[in-house]
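Hi everyone, thanks for having me.

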Amino acid sequence: MTHFPEATVADIDQAMQLAAAAFASFRQSSPEERAVFLETIGQQIEALGDALIETAMAESNLPQARLLGERGRTVNQLRSFADMLREGSWVEATIDTALPERTPPRSDIRKMLIPLGPVVVFGAANFPLAFSTAGGDTASALAAGCPVVVKAHPGHPLTSGMVAGAIQKAIEICKLPAGTFQHVYGSGFDIGKALVQHPVTQAVGFTGSLIGGLAIRDYARLRPQPIPVFAEMSSINPVVLLTEKLSQDPQALAKTLAGSITLGAGQFCTNPGLLIVQEQPALPESLEALGQEIAASIPTPMLHAGILHHYQQKLEHTLAQKGVTVLRHAETAGGEKTGQPLVATVLAADFLANPQLKEEVFGPFSLVVRCADAATLAQVLAATGGQLTFTFMGTEADLQQNQTLVDTAQQLGGRIIFNGVPTGVEVCPSMVHGGPFPATSDSHFTSVGLGAAKRWVRPVSFQDSPQFLLPEALQNTNKLKIWRLVNTQWSQADIN
């Protein structure tokens, strides 16, 4: 077994000091320089070839096809942020020119977003490429002009180290400061605490458990200078099965839901962990169909022993709660690394009375909540709390009759899905992968898509500044040719 030395407090201090030194110049780099850097990272990751995929397969138990797709997503994220930098409007350049003849006179005021400083990123367990070392947190922070220090996830240290090497090679090729990106190992809470509480750290990105996210948030709050923590932590992603849709084709609906529940051994933050349904004549047939699909599913290995153990513990705890009944479980015996797919049911009254049934069970599990009537269904939906996603399975007539449910979901979720499944998160400008607590620690932002870069910046205004002191994005001559809001009008033109 390969040994990875645990970072010491001295190692963390050195890494953060290097990041601070790098920030002085990296934040001044041009959009084109950062775009080329991101593209070069992508090229170096691709250059790792089959060795990266084979290593990730061995460490994560994920299949080759999944990891090939994840590598593609990782590289495409980097290229998307490069395109964002070249287009340029993401900095929100806003210019209000002086009005000296007005009473009272108005000064010349110009605003844009600037990078916060060094960012600490905690690698995620369930996506060893796309949410880890060169994943969305790292890519978006580098795009914003912030140096990054990544804490490798202990579940895939070799994979993380290979990707870190690719980023460091890109730094050399692009002749950037060595501290622009750094990589440390450590499995204890002390390492995470030291990274978050180091005075140089200006923001934190985290994807993982509720316990881990809350600990990091608390570390940040206890600093003399509190800093933002953008943590994705817990979501059960309710799916509402509306009446007419449920009666139309229960077999097809059951197949779709079971496929999403068991996809990737249920190890997605958008796994549909809660199905909400109203009692109706078609319900027994629909539940039977879902049970058959789950029974026929093939258990697959989970990411590592720790996640498997946690799944089994949470599953056992959930099934022991009052009123919870197993609908069906996978009939095929899995190996020692597999988590058993299972669906259970509970009446709405028992669900509403028990906060523990609203907790995430991270794995191939879903709980069906049976509601006596529409009013109870609405009550259950409102009680689920903050979520990454809400899904509605319904005909047009269903949706017309249940618009208030959709309105409730908008108040609680980051993404509202209609007649699809929550698993599968597109990387695009319009994506929101976030939501109110406990889904994330800050619902103002997304961790997927181009909006992810907004987590690592802050606005600054320049009042009556000489042109030579202004960033290029705010100067009269629009050398970058970006869209700017000039005197409340969007324009790419120079200012005369």
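Let's start with a word: buried means under 20% relative accessible area, exposed means over 50%, and partly exposed is in between, using a 1.4 Å probe and protein chains only. This is a predicted model, where local features need pLDDT of at least 70, side-chain atom pairs count only at pLDDT 80 or more, and totals for chains, interfaces and linings use all residues. Residues are numbered from 1 along each chain as its sequence is written, and side-chain values use heavy atoms, with hydrogens and water left out.

So, is Asn402 buried or exposed? With a relative accessible area of 18%, Asn402 is buried. You'll find Asn402 in the loop between helix H15 (396-401) and helix H16 (403-412). By the way, helices (H or I, at least four residues) and strands (E, at least two) are DSSP runs, numbered from the N terminus.

Next, the core. A nonpolar core is a set of buried Ala, Val, Leu, Ile, Met, Phe, Trp, Tyr and Cys residues joined through side-chain atoms within 4.5 Å. The largest one here has 51 residues, and Phe37 and Trp456 are among those with the most contacts inside it. A second, separate core has 39 residues, including Phe351.

Now the sheet. Two strands pair if DSSP finds at least two bridges between them. Five strands make an open, mixed sheet, in the order S15-S2-S1-S16-S17. Strands S15 (457-463) and S17 (489-491) are at the edges with a single partner strand each, so one side of each has no neighbour in the sheet. S1 (residues 94-96) pairs with S2 in the antiparallel sense over three bridges, and Thr94 has Lys111 in S2 as its bridge partner.
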